[in-house]
Amino acid sequence: MGEQTRTGVVLSGYGPVGQAFVDELARHQDDLARRYGVRPRVAAVRASSAQCRPDEDGTVPPRPRWVPPRPLEETLDDTGARVFVQALPSSPALREHAAREAVAALRRGVHVVTATKSHLLTHWRELGAAAHTGGSMIRISGATGAALPAGDLSRTSLRGLDCRTIRACPNGTVTFVLDRLAAGDGLGEAIGAARLRGIAEADPSADLSGEDAATKVRLLAALAWGWDPAGVRVRTEPVDESTAGPARDAATRSRRLRAVAAASADEPHVVHVRLEETGPGDPLYALTGPEKAVVFGCPDAGDVTVSGGRSSPQGAALALVKDTIEVTAPRTGFH
């Protein structure tokens, strides 16, 4: 492309996802500029107790060179950033902090790109109002499936198709564990194997309980149907020691047990996560290892399915990169 727009980014959170995001931008700036006409650059990195300005080549300085954090508004003004990226852990302890900073950025006309889920579940309306006030955008691909572009489908690509249902296996850890149980592993063995492969968190309780899958479908339903996630009732069936028997039994009949998160426009503000047997021909049956999939049910247009997408810090970081480009790249012609 011709003219390139230099875009300043302020990043909040410098754990595995934040570090991968900085690395992706530093390594691919020239390619992004050439292909999309925008050159995003991390102008500041903020952590809980310090912040820094990366070097000119995008390298983040060692911690001794970081300084005490300043108010976000000052950092945005000093850097002239157009995008505020959140890669904070999705923990209740950080919910109010994440919401407060996102609202402040949006009201100032700074776009927000987030992989953090917690404040989306409780402050959806407030975030939307702040974006309206500031004429800014908020994008949440990293919170709805890492590199799986289900959020984009829910937000725009299904418009006019009358999507009525969402049926998903959006948690790769649970799919992997269920397949290991079907193969004869105990629950502890299956979780251990998932950890060894870097699939499962140190504490997989949110995955096994169905909470994480329900969260992602709550957000997809909010994008598709305008639901407020805070008002969605969640009913889950967990994966536990008793799940091994049904998983093995399903396998003897050439079927696969899946933790299916589902929502329907005809049952507003309810998300179910159930253990269901699936058979050949079902996109959720076809998943292997930690793969994820979402099936959007559109009666007249036919089901629309998206699957794949890496569940890893790199996958989440790439989703942040994608959303950063989406809110800043010039759009003309086919772009």
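I count Ala, Val, Leu, Ile, Met, Phe, Trp, Tyr, Cys and Pro as nonpolar, Asp, Glu, Lys and Arg as charged, and the others, Gly among them, as polar.

I worked on a predicted model, in which local features need pLDDT of at least 70 and side-chain atom pairs count only at pLDDT 80 or more, while totals for chains, interfaces and linings use all residues. Residues are numbered from 1 along each chain as its sequence is written, and side-chain values use heavy atoms, without hydrogens and water.

**Pocket.** I found 49 lining residues, that is, residues with an atom within 4 Å of a point. Pro89, Ser90, Ala115, Lys117 and Glu201 lie nearest the centre. The lining divides into 21 nonpolar, 17 polar and 11 charged residues. Helix α10 gives the most, four residues.

**Sheet.** I took helices (H or I, at least four residues) and strands (E, at least two) as DSSP runs, and strands as paired if DSSP finds at least two bridges between them. Six strands form an open sheet of mixed pairing, in the order β3-β2-β1-β4-β5-β6. The edge strands β3 (51-52) and β6 (138-139) each pair on one side only. Strands β1 (residues 5-12) and β2 (residues 38-46) are parallel over eight bridges; I noted Arg41 in β2 as the bridge partner of Gly8.

Methods: 1 Å grid on protein atoms, 1.4 Å probe; cavity = no way out; pocket = protein on both sides within 12 Å on 5 of 7 lines; lining within 4 Å.
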